[in-house]
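Please keep the structure open while reading.

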Amino acid sequence: MSKRITTVAAALTALLLVTACDSNGGDRASDRAAADRGESGGASNAGRPDAGPDPFGKYPETIAFTTILNNNPEVAKSFPPGESFESNRYKTYIENALNIKSTPLWEANGAAYFNKFNLMIASDDLPDIFTVERIDAEPAKTILKRMYDNDMLEDLTSVYEQYASPAIKEVQDSVQGKALQNATFDGKLYGLPNVLDMNNVQMVWVRQDWLDNLELPAPDSIADLMNVAKAFKDDDPDGDGKADTLGLALKGDMLFDSQPFSLNAFAWAMDAYPAMWVKNGDGKLVYGSTQPAMKEVLAKLAQMYKDGTIDHEFALRDGNMTSEFLADGSAGLMLGKWWAPVWPLGGAIDNNPKGEWKAYPIMTGDHVNVDNGFVSNAFLVVKKGFAHPELAMKFMNVLKEASQQRIPELQELETTGIYKSADSTRYMFGLNNNLIAPVFTDTTARTVRKFDAIFAGKARPDILDAAERSIYDRVKSEKDNPKKDLGNYKTYLAWMEGNGVVARTKQNNVFNEFTGTTKTMERDWSALTDLETKAFLEFITGGRPISDFDRFVAAWNKKGGEQITKEVNERHESETN
């Protein structure tokens, strides 16, 4: 859905698995990458004794190392003929550029990969270089600390200081070193952290032509959203003389999640954070679903259900079923992220190209509340005792260059088979990969601001990198020839409307402070989740009065919630300190 969407599984490991090839091509590629960086020579610092360690330096002799491989057999079918996880042009370039060769200790896929990963740590049988990422309910930070506590990892403090490229350091500095701090224990760095593009804003997507028909203002507050939903249900926004339109299109299988048709944006706008661990006024972690603000959210949703602006069948539907109301033209109001024009709005656009869609933030004062998660969620690590820990840093440096479209040889792959930008499976191989290559937290917003500047005549298209230029060309084509190509129209909506909200709106990031598990949580969390889901549906549908919310909270605490809250705070405090 985006040039920057990343897949957790196998992002680094597939790239670490490289094979030997003719080194001359690697030398030429390194020379050209160095030229892009403004260096006068090739990838090596030979002849420049005062330059210090080279972040992209090619080893004079081949460095062999071990890693692990997440090898999805279905995705492997997308490789061009003659290529595979083990041997493909992208990895060949990296091997030649650095003169490295890897061997996998083991290969697996899906749940088997994560099971073997856990066994690998338990048995202290680590590869030389690998990625630490979230496994089930255990965050990457928790896994990293477990390995640190058992003295399994190489200290990378001096490696980062000496070998991190200027581009890497610029990104890490942009988050005030928070990602590095997340991988630091007792003052030393034990993992090379990624940094994520934080564009998790959930927004209103609405039929602008329906708003215009009813002379309604943009729904940029909860009050406006409720008014628009009521008007869309009652006032015949499509003008067909029939009472056949919904208010707010909503799914009932998961009320509060990151998917379209959920209610996260609704709750966040009211300073409520369901299913999140957030800090209270005393700095302690509390569970958002049980806080007083959540009671107010449920009260408003109950009012919408009573008014019919949330239809009475919503609890029976998932997202796919709800999307059908958009496709048949009976719904024109939903909550979702910037990529909604791809899905679920794609069907609505295909079936009714005359419909006009726009995106608006739901404001809380002068800002929009958003759970963007932490700035970093994965680490590149080195087994203690490996002779060349700087190799991990060099590898990350090269991926960063590739993600910025600064390596011509890798740009050429963008039009071929699995490497093509439009093929989302390319991200499973780390291509333009943000799981490992850190990016600015406002990367998407920066791209939109470049587009704005170009369309305003304040900049030229040559400020765009190759990936941005591909998007810009489609956006410009839509501006020049509206809806001539519906694919371009969807791209325009996603970037200039959806990402436009991300880029042009002040954000208040509220972090989920705890994403791990505890002893009591492992035993009781499933039952507590069921209790919460049932209670929330009953509150909304009128099966239970809102005044019972405090009784729900008391039951939640009694059935394990209180003990879990205690354990969460103890765990969070120990990991923070």
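Buried means under 20% relative accessible area, exposed over 50%, and partly exposed in between. By that cut-off Asp524 is buried, because its relative accessible area is 12%. The model is predicted. A search of the whole structure finds 25 salt bridges.

**Salt bridges**
- Arg523 and Asp524 pair through their side chains, N to O at 2.8 Å. Arg523 is exposed, at 64% relative accessible area, whereas Asp524 is buried.
- Lys233 and Asp234 form a salt bridge of 3.0 Å, N to O. Asp234 is partly exposed at 37%. Lys233 is partly exposed too, at 29%.
- Lys483 bridges to Glu356, with 2.9 Å between the closest N and O atoms. Lys483 sits in the loop between α19 and α20, and Glu356 in the loop between α15 and β11, so the pair ties together parts 127 residues apart in sequence. Glu356 is partly exposed, at 36% relative accessibility.
- A network of salt bridges links Glu538, Arg544, Asp548 and Arg551.

**Negative patch**
- Asp240, Asp244, Glu324 and Asp328 form a negative surface patch.
- Asp240 lies in the loop between α11 (222-234) and α12 (264-269). Asp240 counts as partly exposed, at 34% relative accessibility.

**Helix α6**
- Helix α6 spans residues 140-149 and is mostly covered, with 7 of its 10 residues buried.
- Among the buried residues of α6 are Lys141, Ile143, Leu144 and Met147.
- The buried residues of α6 pack against several elements, including α5, β3, β13 and α22.
- Just after α6, Asp151 has a positive phi of about 55°.

How values were computed: Residues are numbered from 1 along each chain as its sequence is written. This is a predicted model: local features need pLDDT of at least 70, side-chain atom pairs count only at pLDDT 80 or more; totals for chains, interfaces and linings use all residues. Side-chain values use heavy atoms; hydrogens and water are left out. Patches are made of residues with over 30% relative accessible area and no salt bridge: like charges are joined within 9 Å, nonpolar side chains (Val, Leu, Ile, Met, Phe, Trp, Tyr) within 5 Å. Accessible areas come from the Shrake-Rupley method with a 1.4 Å probe; for residues, only the protein chains shown count as cover. A salt bridge is a side-chain nitrogen of Lys or Arg within 4 Å of a carboxyl oxygen of Asp or Glu. Lys and Arg count as positive and Asp and Glu as negative; His and the chain ends are not counted. The place of a charge is taken as NZ of Lys, CZ of Arg, CG of Asp or CD of Glu. Helices (H or I, at least four residues) and strands (E, at least two) are DSSP runs, numbered from the N terminus. Buried means under 20% relative accessible area, exposed over 50%, partly exposed in between (1.4 Å probe, protein chains only). Contact means heavy atoms within 4.5 Å.
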